[in-house]
Amino acid sequence: MVAVAASSYARGGTRITPEIALEARWFPDDPQFEQQFDGLQAGVIFSGDLRWRSDDRASRIRFEPYLRLDSQDTQRSYFDIREASWTHRRGDWEVLAGVGQVFWGVAESRNVVDIINQFDSVEDFDQEEKLGQPMLRLGRRFDRGTLEAYYLPYFREQRLPGEEGRLRVDPFVQTGNPEFERNGDEWAGDIALRYAATMDRFDIGLHGFHGTSREALFVPDLEGERFTTLYQQRSQIGVDIQYTSGPWLLKAEGVAADVSGDRFLSSVYGFEYTFFGVAGSPLDIGVIVEHFYDDRDSTESPITLFQDDVFLGVRMTPNDVYDTELLVGGFLDTETSAVIASMELTRRVTHSTLLELELRYFNDNGGALVTFLDNDSNALVRLTHYF
Amino acid sequence: MKTLFKPLLLISVWASAAASSQPSATLPEDPKARGYAIAERSDRSDAGFGSSSVRLTMTLADRLGRETVRELQIDTLEKKGEGNGDRAMTRFFSPPDVEGTALLSHAHILESDDQWLYLPALRRVKRISSSNKSGPFVGSEFAFEDLTANELGKYAYTYLGTETLDDGTEVDKVLCEPLYERSGYTKLHCYFDTEIYQSRKVEFFDRGGLLFKTLELTDYQEYPGGYWRAHRQIMTNHLTGKTTVLDSEPYDFSVDLDRRDFEPAALDAF
């Protein structure tokens, strides 16, 4: 870590933390589709953070570039600006301009209200990685909560695995030339409003959004050799609530949306219960149970893996000096008994090096929705070094 | 990264004491009244500090001397009104994989504290359970309750006697019994400096009544306004042989933070 004037960061200063990650992803099964690579996929990621804060703490700048190079899939070699934002606060008001990332929601496995950023689907399908979103945000703080208005001038197209890539539909999706319902281009602009508040044991978020849907509709071309993408108009209102009491976290998110005239509800609700200090040890074990429901007509909408699914997860935190964390979980489709299971382990191996292990398991059990992933169970190891 | 804490509070209340200019009031004779009076004058003496910011280095060492170092910054906003405790924002600088991780804590006297965690990779603010009182804080020998359960009303006090520590400091020894739920301790022995009213040492007794941890507070300095702060805290676990040392840089009392700096929306302001 390069901590420039670190001792003065109590007020302001600059911090720069570059990082390099090496990763290997192994697919033991033969690929399901022609053109897909077999076996090992290696990658290297150059990234890092630059942070600056003014002495009065009123102004901040954050910059986070991201470059991934992939050995197998050209679509997975790319550069993105995850964040390049300027924030200024004066009294109860705060403005953010630039490229940013925003998280909305309370659930652990998937957040149906989280709409500001496009997900980075080439990184992973778990919707935890996001593309930087150009935005102008004006926030007003009140004693109970915060009201934020967003203007998002530019739409970020999904990044998806290429023809050689694994974890894709068949035929593959040709990105780079999407069609848009609104204006015909990515400059149509989105608007959003959110109010987030804390009331005693409740944390509540309300939002409205009007713009272009982040989900792509895959349209087969005339020859049936590839899909192209269509991004539809979307308006939605949504709510997310968490109730926190003792070791219980009760959670619910719901969205009522209109996508190009098709109206539907999408929701996730569940709980997280933590057993602290199991058997007198420092180990905490958290149990996560969540249920999704999405009433879209699956024949006319973007591919949604989560129609009527249950997520079960266990998080183990030994509270050691290495910040070890193990998360084991799985989605079970209640209609088809298709399974998506995963295991994620993170552990620091030196002061400046983080080790991550991930296992993903797919089994369609005859269900149609994840059939294209059926041969794509994989194991990933990633070492990240910080400078 | 799990939840974090606010050692500043530990310093500011456990360790805080009257300004040296304050005349020493006569203490009552009854051991309970006297114990409470000793703790209260320590607590009261810190009134009016407003807000502060401090950078800390936390060094964790195991029995073999292998060390892990964490750097953090803690902002504190003084409590306002009955029933409320101080508010604290803890931000981690290192290890680098947790840079930007932050914990916001709103302490209460009778109710459980409110805590929010910020996960920088996801840009996520998450309200978390505060019932994990006796669990270790970020792998250290400090438990959450060592760092958050520092409000005057959270203990019953009994004066046990006046002693002299190894370094010659005269201290009042006070029995402190947790009144809040889910404590990992049956009792604490708190040693308050009779001259500057600072907490010099705390001994922690586990549920079996065994002394298993000792906290020593040293390198006190007085800041303008009469606020005292320890600049080194050493927690020793007698069962495991592990230690955690917290070293503070000078406290900044002029940073002039307001309540907006201690709301969930401020967690990412780093």
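Predicted model: local features only at pLDDT ≥ 70, side-chain atom pairs only at ≥ 80, totals over all residues.
Mentor: Two strands pair if DSSP finds at least two bridges between them.

Trainee: How many bridges join strand S5 of chain B to S6(B)?

Mentor: S5(B) covers residues 114-119, and S6(B) covers residues 124-128. The two strands run antiparallel. Pairing takes at least two bridges, and the number that joins S5(B) to S6(B) is five.

Trainee: Which residue stands opposite B:Val125 in S6(B)?

Mentor: B:Val125 lies on one side of S6(B), together with B:Arg127. S5(B) is joined to S6(B) by bridges. The residue opposite B:Val125 is B:Tyr118.

Trainee: Which residue takes a positive phi in the hairpin of S5(B) and S6(B)?

Mentor: The hairpin has four residues between its strands. The positive phi there is near 55°, and the residue that takes it is B:Arg123.

Trainee: How many residues of strand S6 of chain B are buried?

Mentor: A residue is buried if 20 or more other C-beta atoms lie within 10 Å of its own. In a regular strand, side chains alternate between the two faces of the sheet. On one side of S6(B), B:Arg124, B:Lys126 and B:Ile128 are buried, and on the other B:Val125 and B:Arg127 are buried. S6(B) is therefore largely enclosed by the rest of the structure, and its buried residues number five of the five.

Trainee: What percentage of the residues in chain B are buried?

Mentor: Chain B has three helices and 13 strands. It holds 270 residues, and the buried part of them is 55%.

Trainee: How many residues of chain B are in contact with chain A?

Mentor: Contact here means C-beta atoms within 7 Å. Chain A brings 38 residues to the interface. Strands S12 (227-245) and S20 (378-386) of chain A each supply at least two residues of that side. From chain B, the number of residues in contact is 35.

Trainee: By class, how many residues on the side of chain A that touches chain B are polar?

Mentor: That side has 12 nonpolar and 11 charged residues. The polar residues number 15.

Methods
Residues numbered from 1 in each chain as written. Chains lettered and ligands numbered in written order. Contact = placed C-beta atoms within 7 Å. Nonpolar A, V, L, I, M, F, W, Y, C, P; charged D, E, K, R; others polar. Buried ≥ 20, exposed ≤ 12 C-beta atoms within 10 Å, placed from the backbone.
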